[in-house]
Amino acid sequence: MFQRLLPALTVLLYALGYPLGALTLGHVSPFLLILLRFLISAVLMWTVVAVRRTPLPRGRLLARTVSGGLLVQGVQFLGLYWGMAHGVGPGVAALVIAMNPVTTAVLARLVLGRRENSWGLVALALGAVGVVAACLPRLLADPSVGPGLITVLIALGGLSGGSLLQERRLKAVDPFVFTAIGVTVSVLPAAALALSTPQHITDPMPAVALLLLLVLASAVGMVCYAACVRSRGARGASILFALIPAVSVLAAWGVQGAPLDGTTAVGLACGALACVAQGRSTRPTSGTPGRSGRGTGRAATVPERVR
């Protein structure tokens, strides 16, 4: 039953993070917010790991888990929150992150030699149109939003790259452990950024309440997404992002009263169609490992040890 509900729960919790994050940023500066979020999430996740007595990775597997967790947690959320604090709305941020299936396909082609069929190419084209439709009008109207959009795109790369690494090398790692390690190692860059920039908190009571809601939704959502990557692969799990922007906009409308303008609607539609096309594409073929050295190679890898 839980496996059937897992995709819907992932979409709902991930989508709620955008309007909750935007509301919390009204009371807390971005790097202080993400630092507190990582710290509280780390305590929560390690408590769950301890209670469940989940085996921990070690050696090379631990190093890869640290790298993957830093990409999925640190790079994604530091870039995302900085962008949202500099003019990128939650709907547009959700749309850019929703290009995860397309970005994952591109990285899989470059790193693993996976080839896209016609549906995959259609998805890439629709994804590009969706991002341009949502972002270009805002850049033209307010060029200061540009750096924010760049950091959100970096966040997208962190999510896609980290998820692909998890699929290829970290299937032996429990999703709770993966998330716990990810938020823990992300505390250091978040602390460095928080200490190097001015920080503030206004209205502590609502700020704390929103922060706790955000941490709970995001921590459980990321565990659910890590579980989807583990069971479905990075490509299969990324298709969930076809629904996240629409759910996020509905959540922002309900929580913030945020309107949906025409360009955002076009971007959301193209993003959803891109993910649908990606989902309809057949399983990509692998490059020839003998020539490129980057094909999928072995059918299975030897499981690495955990303790």
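Let's start with Arg 52. Arg 52 is partly exposed, at 43% relative accessible area; buried means under 20%, exposed over 50%, and partly exposed in between, with a 1.4 Å probe and protein chains only.

A word on the source. This is a predicted model: local features need pLDDT of at least 70, side-chain atom pairs count only at pLDDT 80 or more, and totals for chains, interfaces and linings use all residues. Residues are numbered from 1 along each chain as its sequence is written, and side-chain values use heavy atoms, with hydrogens and water left out.

How many salt bridges does a search of the whole structure find? One. The term means a side-chain nitrogen of Lys or Arg within 4 Å of a carboxyl oxygen of Asp or Glu. Here the side chains of Arg 52 and Asp 174 meet, 3.1 Å from N to O. Arg 52 sits in helix H2 (residues 30-52) and Asp 174 in the loop between helix H7 (146-169) and helix H8 (175-196), so the pair ties together parts 122 residues apart in sequence. Helices are DSSP runs of H or I, at least four residues, numbered from the N terminus. Asp 174 is buried, at 12%.

Now the backbone. Arg 53 has a positive phi, near 55°, and is not a glycine. Arg 53 is in the loop between H2 and helix H3 (60-84). It is exposed, at 75%. Asp 203, also not a glycine, has a positive phi of about 50°. Its loop runs between H8 and H9. Asp 203 is partly exposed, at 48%.

Last, Ser 238, in helix H9 (residues 204-238). Buried, at 1%. Leaving out residues up to four places away in sequence, Ser 238 touches Asn 100, Pro 101, Thr 104 and Tyr 225; contact means heavy atoms within 4.5 Å.

Note on methods
Helices (H or I, at least four residues) and strands (E, at least two) are DSSP runs, numbered from the N terminus.
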